[in-house]
There are 4 protein chains.
Amino acid sequence: MIERGREIERTIYFSDAVIAIAITLLALELRLPQDLASGEIVRHLVGLLPRLYAFLISFWVIAAYWMAHHRIFNCIRAYDGGLLRINFLFLMWIVLMPFSSSLIGGYGDLQLPFVVYAVHLMLATFTLSWLGLHAARNPHLMEPGVDPRSFRRQYSHRMLAMIAVFALAIAASFFSTTVAEFTLILLFVARPGLLGRRASRGVT
Amino acid sequence: MIERGREIERTIYFSDAVIAIAITLLALELRLPQDLASGEIVRHLVGLLPRLYAFLISFWVIAAYWMAHHRIFNCIRAYDGGLLRINFLFLMWIVLMPFSSSLIGGYGDLQLPFVVYAVHLMLATFTLSWLGLHAARNPHLMEPGVDPRSFRRQYSHRMLAMIAVFALAIAASFFSTTVAEFTLILLFVARPGLLGRRASRGVT
Amino acid sequence: MIERGREIERTIYFSDAVIAIAITLLALELRLPQDLASGEIVRHLVGLLPRLYAFLISFWVIAAYWMAHHRIFNCIRAYDGGLLRINFLFLMWIVLMPFSSSLIGGYGDLQLPFVVYAVHLMLATFTLSWLGLHAARNPHLMEPGVDPRSFRRQYSHRMLAMIAVFALAIAASFFSTTVAEFTLILLFVARPGLLGRRASRGVT
Amino acid sequence: MIERGREIERTIYFSDAVIAIAITLLALELRLPQDLASGEIVRHLVGLLPRLYAFLISFWVIAAYWMAHHRIFNCIRAYDGGLLRINFLFLMWIVLMPFSSSLIGGYGDLQLPFVVYAVHLMLATFTLSWLGLHAARNPHLMEPGVDPRSFRRQYSHRMLAMIAVFALAIAASFFSTTVAEFTLILLFVARPGLLGRRASRGVT
């Protein structure tokens, strides 16, 4: 059992390292060209605002994913091959986040990049949800004392809420990408639980 | 209680990974163009000096933040959603450091980039201070044996000192950005405790 | 014995950090140029497809290496200088992966880049295999309860299968690089065990 | 005492993360330009050889530093502010390695970049040596059972050997940078202990 502890920890720390790197690389999008004349600086800083907005959304989305990942793995004490593969699939979506984020940072006023971004987040949410369901379906992987059914129910609700926001944002993008981008803020406003409230209840 | 230990550790290691990546990315600013003629190398190396100065300041500022973060989390044994969110806000400022650092590396002789940099550091210090206060206000999050009041007092003094240096630097930048940049060295000269002296007393 | 545990863990976490960074840097290849006209976006996104394919192959190859590395180190409880050196050699191949991956992402229709990539993967597989053999030949490095002979046999088979796929892909590249690239998918189709099935059996 | 264990571990893992990132970023120097004609690929790959040589030297130098850092921290069980500061100074040299490495990768045929690189390695070695001496002078920081005097003596010899190689390489660079670069290989040939032999003796 201690063995299992060590092994699941290696998976957790590896996932954390990948998430930490991806979240830090997001900021590489924010750059001024070199050797600007002093009068051009303000204009270029203002020109970075759409990228800053994309950075902010993506940073907090990855933060929310980390907290959700955290919550799932708090309930897991062992892994199987399926869990590892689903976890790597989730990490793949995380690794691709700086790319999709740079798409909406650079071309957020166009619909296609926005839809790519929203579908990307949807796939990541589906995968994380799948990770939780896989654990719930294999109770020997879970910490004793966790009820798989309530775990699964609680989980599904949260993921459905996130997916609904992405679907709404995609629908909105057919009318206005500006409105669609602001729709994503619903992720944090409408369900603050995504940013850790439930975690607090679970722990303290 | 062991559970809590493991979970708070995951938060700590994730924070450390983000800080480690940001501190390493600072050096990416230091680059020579390819295919210079041999006579141009010295000139270009000299031209890197402002970037090297920005690197040095930012490296040791992040080092000081890591040590302060370290000191706070040494006193914390559990977390709640608020702690996680404040910690992520702090990490967001860390992740943005390579950007602000590149601003003063490239345009340190202009006031605006310097003010952006100093305000950025001020916000990071406020956030770290908020993290400490949040823990002090929720004693069930703290290690037994830590006195929240003395923790808070000690904390506030150090943060106020840092913020005073940033305010002084911003004020100085209205007269000379060179003077303003050197003001930041006060962070390390005037309060060596920022670079770990208190930590040593606490531990050994 | 606890000492040994801590030291081997530092080696494992260091390896994990290197692998996590390399797998995340793979995605840096996926970028659109800035300031495209809106009509050019689709064309450039389509133009990224070969790079996306290279990313997918390399991501899952590194994932498979991580899982194999994981499986070997699950059986190791101590290290010697030889183990450290072989592990660093393996990490060197991992660190070079983003380079080779960018070669086939940018020039996958030419034979030379493809052969460089396949030989690179072959060398990485050889090195990982050498790591396992080194441990099997020094039983005092292994966890008690692991049979070195069955460990070695099981190991050799898996590595030989991977190397056979790379050899086949190199042979195929003399006729068509497209066919050769698809041959690599055999890594995952023909031997799903590479992606963790055995791990599950070993653990649960 | 457990407390001390956890805190020193955070320092170790943070150091490992910084070293892991720096060693991985070394490979970013190896890149082909995009959209080369097929006939130009071979020429450009050959043109990367000096960068590959710089990568190889720097990769194994950082690997040797990691192992030396590892050996020192195996003997340390607590830290003080001085130790943290010296460790950050050492990490600063590590973070700057990709820069110096790119200097000799791009301009290795000129003396100045080579001397910058060799002096850089010298400073890193001095700092690591200082770290060991600081621990040896403060026996309460060391693991019980480690003899500070033999630790210090053994340490100083190894560091002096490394510094002698760098001094020799700098001297050689006045005659030929090619000879000077090959001198660095002495680090690994003349003192294989740098690459872990002593570690093995210490552990098994």
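The following legends describe close-up views of a predicted model.

The model is predicted, so local features are reported only at pLDDT of at least 70 and side-chain atom pairs only at pLDDT 80 or more, whereas totals for chains, interfaces and linings use all residues. Residues are numbered from 1 along each chain as its sequence is written, and chains are lettered from A and ligands numbered from 1 in the order in which they are written.

View 1. Chain A contains nine helices and zero strands; helices (H or I, at least four residues) and strands (E, at least two) are DSSP runs numbered from the N terminus. The order of its elements from the N terminus is α-α-α-α-α-α-α-α-α. Of the 204 residues in chain A, 50% are buried. A residue is buried if 20 or more other C-beta atoms lie within 10 Å of its own, exposed if 12 or fewer, and partly exposed in between, with C-beta atoms placed from the backbone. Among the contacts of chain A with a separation of 6 or more, 77% join residues 24 or more positions apart; two residues are in contact if their C-beta atoms, placed from the backbone, lie within 7 Å.

**View 2. The largest nonpolar core and A:Ile94.** The largest nonpolar core comprises 268 residues. Such a core is a set of buried Ala, Val, Leu, Ile, Met, Phe, Trp, Tyr and Cys residues joined through C-beta atoms within 7 Å. The residues with the most contacts inside this core are A:Ile94, B:Ile94, C:Ile94 and D:Ile94. Neighbours within four places in sequence aside, A:Ile94 is in contact with A:Val18, A:Ile19, A:Ala22, A:Ile62, A:Tyr65 and A:Ala124.

View 3. Helix 3 of chain B is mostly covered, with 20 of its 26 residues buried. The buried residues of helix 6 of chain B are B:Phe151, B:Tyr155, B:Arg158, B:Met162, B:Val165, B:Phe166, B:Ala169 and B:Ser173. An α-helix has 3.6 residues a turn, so residues three or four places apart point the same way.

**View 4. Surroundings of B:Leu96.** B:Leu96 lies in helix 4 (residues 81-107) of chain B. This residue counts as buried because it has 21 C-beta neighbours inside 10 Å. With neighbours within four places in sequence left aside, B:Leu96 is in contact with A:Ala27 and B:His120. B:His69 is 27 residues from B:Leu96 in sequence and 17 Å from it in space, C-alpha to C-alpha.

**View 5. The loop residue D:Glu143.** D:Glu143 occupies the loop between helix 5 (111-137) and helix 6 (148-173) of chain D. With 14 other C-beta atoms within 10 Å, D:Glu143 is partly exposed. Not counting residues up to four places away in sequence, D:Glu143 touches D:Cys75, D:Ile76 and D:Arg77. D:Tyr53 is 90 residues from D:Glu143 in sequence and 39 Å away in space, C-alpha to C-alpha.

**View 6. Contact between chains C and A.** This contact joins 30 residues of chain C to 30 residues of chain A. On the side of chain C that touches chain A, two or more residues each come from helix 1 (2-25), helix 2 (40-47), helix 3 (49-74) and helix 9 (197-203) of chain C. Helix 1 of chain C gives the most, with eight residues. The residues of this side divide into 19 nonpolar, eight polar and three charged; Ala, Val, Leu, Ile, Met, Phe, Trp, Tyr, Cys and Pro count as nonpolar, Asp, Glu, Lys and Arg as charged, and the others, Gly among them, as polar.

**View 7. Relation and contact of chains D and C.** Chain D superposes on chain C (RMSD 0.0 Å) through a rotation of 90° with 0.0 Å of shift along its axis, which is the relation of a four-fold axis. The copies use different surfaces, as 10% of the contact residues of chain D recur in chain C. Superposition is by least squares on the C-alpha atoms of residues with pLDDT of at least 70 in both copies. The contact takes 29 residues from chain D and 30 residues from chain C. Helix 1 of chain D gives the most to the side of chain D that touches chain C, with eight residues.
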